[in-house]
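Please read the points below next to the sequence and the model.

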Amino acid sequence: MMMNRRNFVKKAGIGTAASMGLGTIVSSTACSGMQEKASDARDGQVLFIGENIAVADTIYGKVKGYVMNGIQTFLGIPYGADTSKKNRFMAPQKPEPWTDIRPAVFYGDTAPQIMDNRFPNRYSTFVDHWNYYDVSENCLMLNIWTPAIADGGKRPVLVWLHGGGFTNGNGIEHDGYHGENISRYGNIVYCSINHRLGPIGFSDLSGVGGEKYKDSGNVGMLDIVAALEWIKDNIANFGGDPGNVTVIGQSGGGAKVCAVAAMPSVKGLLHKGVSLSGSMVEAQSQDNSRLLGSYILKEAGLKNIEVDKLQEIPWREYLDIAYRALSKFNNENPATGQVRRGFAPVADGIHIPKGIFYSGQSDSPNIPMIFCTTFHEWNPDRDDASLEQITLEGVTEKIKGRFGDKAAGIVDAYAKNFPDLRPIELWAMIVSNRQAVVKSANAKLKQRSQVYMAWFGWQSPLFDNRMRAFHCSDICFWFANTDRMVTHTGGGARPRRLSVKMADALLHFMRNGDPNSGSLPQWPRYTEDNGEIMVLNDECSVQNDPDREARKSFV
């Protein structure tokens, strides 16, 4: 059914920014209505930690966390061994057992990554409120939030895969990643993990190192599988159901969800998936990844028989070598097509299938999935108010570097598709277009899976309403954290109302493979013909592929 574009803009709220003020910022511990309503409950003790508090069993030894606001919290539990030295580039090993009760009260180390010049941008640091702690190769750690432990509760388990592409990030990078609120509200077990990234996680040395290095191009993904195996073996001790595990990720984490859902080894470990603002349908070819591996060895000044010496180089020095090698590789081997190259998953035909994911040619698990993106993932003008007055001609000039001769036609198509939008809003939607996620959802349909699609359009009032529905802005809504991630939402009742609806949908999907909880309008399954999509905004509605005509301009 064709829709009236003007009505879509009006219903979805993408033509005008919100005029509501910040409202009252409430306690960050939970959204109002998502915890006990007794006001005097906040006057009592909220943190409990001691010798016999929050002590749980794992197959490797006991861990001791703490209780915050009624939620048992365990941070920095090892699910794998230290990945340095002889374990670098190797598939993850089991952690060493321990005999004493291990403290689990703070996050584990962040995976090696380059943090230089990450923080000087004051606005970005303010908005995203980066949380980074020690960095080391002893990074295979997970965090757990649960309402109760060892009670036979068999609660659904939600596993968060962080963003940052395949090169950056950690399990608590943003405050919006925090698991306390959604664990309490939904009576679920929430886990987040750190895993190997970038050159440490995805250097394919199988071409220069042979059988010993056969897994090296995908160890970052194998870490995720190892975390899911740990959850299967241990999560019942934390009140969770190992037979009902949902993986959710955003940006690079969304791509990880797509990739892990294509891995045969997760059958029985993974039951549902949610991909937010990031997706992929094909891993890079092993011809490319192996060639890059040879560039790394050459840049390090080593011969093939000396490949083991790469395990001895300090991790920061190795990253510098690997990124110099990648630069030379790209200069001498120009990319063709749109498949991700560099330090990212490899289509080795063993761990990750070759070709398009979910095609039926591999033994990938057939799980229900939700795909969601935001209207303005890459909104260009948060920090530059002058761009609010840009013209259509100005937008065309701005996007020529990316779209070349197609730029004018693309701007014209979006202007016709969304006649009520201003040029700056069209620009944001063009550079945030939904081509990739539609391709991913269509690929998943080949398994005849239950697939649902959403489009998040809620616009933050911050920065004089210029933040729009930006990349990462929906995360805290799914996890009932809009009052915790106030630098994204402003806090208060307005975002909280939508958060309740989105959290309800996620929780129902976790339990039933279907997001229809009754909080949102009836959410139909996605089909390629109709492109059914749930628009998430102050007023939510179902639309049929509302940007289809505009997207045709990219072809």
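**Notes on the model**

1. Leu47 has a relative accessible area of 37%, so Leu47 is partly exposed; buried means under 20% relative accessible area, exposed over 50%, and partly exposed in between, with a 1.4 Å probe and protein chains only. Leu47 belongs to strand E1 (residues 47-48). Helices (H or I, at least four residues) and strands (E, at least two) are DSSP runs, numbered from the N terminus.

2. This is a predicted model, in which local features need pLDDT of at least 70 and side-chain atom pairs count only at pLDDT 80 or more, while totals for chains, interfaces and linings use all residues. Residues are numbered from 1 along each chain as its sequence is written, and side-chain values use heavy atoms, with hydrogens and water left out.

3. Leu47 is also one of the residues of a nonpolar surface patch, together with Val46, Ile49, Val105, Phe106 and Tyr133. Together they have about 490 Å² of accessible area. Patches are made of residues with over 30% relative accessible area and no salt bridge; like charges are joined within 9 Å, and nonpolar side chains (Val, Leu, Ile, Met, Phe, Trp, Tyr) within 5 Å. Accessible areas come from the Shrake-Rupley method with a 1.4 Å probe, and for residues only the protein chains shown count as cover.

4. The chain contains 18 helices and 17 strands. Its radius of gyration is 23 Å, close to the 24 Å that the globule rule gives for 555 residues, so the chain is as compact as a globular protein of that length. The radius is taken over C-alpha atoms, and the rule is 2.2 Å times the number of residues to the power 0.38. The C-alpha trace spans about 65 × 60 × 45 Å along its principal axes.

5. Of the 555 residues in the chain, 60% are buried. Among contacts (heavy atoms within 4.5 Å) with a separation of 6 or more, 77% are between residues 24 or more positions apart.

6. An open sheet of three strands has the order E2-E3-E6, with mixed pairing. Strand E2 (55-58) and strand E6 (102-103) are at the edges with a single partner strand each, so one side of each has no neighbour in the sheet. Two strands pair if DSSP finds at least two bridges between them. Strand E3 (residues 61-64) and E6 run parallel and are joined by two bridges; Val63 has Arg102 in E6 as its bridge partner.

7. Is strand E9 (residues 189-193) enclosed or open to the outside? Five of its five residues are buried, so E9 is largely enclosed by the rest of the structure. Val189, Cys191 and Ile193 point one way, Tyr190 and Ser192 the other, and all are buried.

8. Gly278 sits in the loop between strand E11 (272-276) and strand E12 (284-285). Its relative accessibility is 16%, so Gly278 counts as buried. Apart from neighbours within four places in sequence, Gly278 is in contact with Ser251, Gly254 and Ala255.

9. There are 31 salt bridges in the structure, each a side-chain nitrogen of Lys or Arg within 4 Å of a carboxyl oxygen of Asp or Glu. One of them joins Lys85 to Glu312, with the closest N and O atoms 3.8 Å apart. This pair links distant parts of the chain, 227 residues apart: Lys85 is in the loop between strand E5 (71-78) and E6, and Glu312 in the loop between helix H8 (286-299) and helix H9 (315-332). Lys85 is partly exposed, at a relative accessible area of 47%.

10. Asp381 and Arg468 form a salt bridge at 2.8 Å, N to O. Asp381 is in the loop between strand E14 (369-374) and helix H10 (392-403), and Arg468 in the loop between helix H14 (462-465) and helix H15 (475-478), so the pair ties together parts 87 residues apart in sequence. Both Asp381 and Arg468 are buried.
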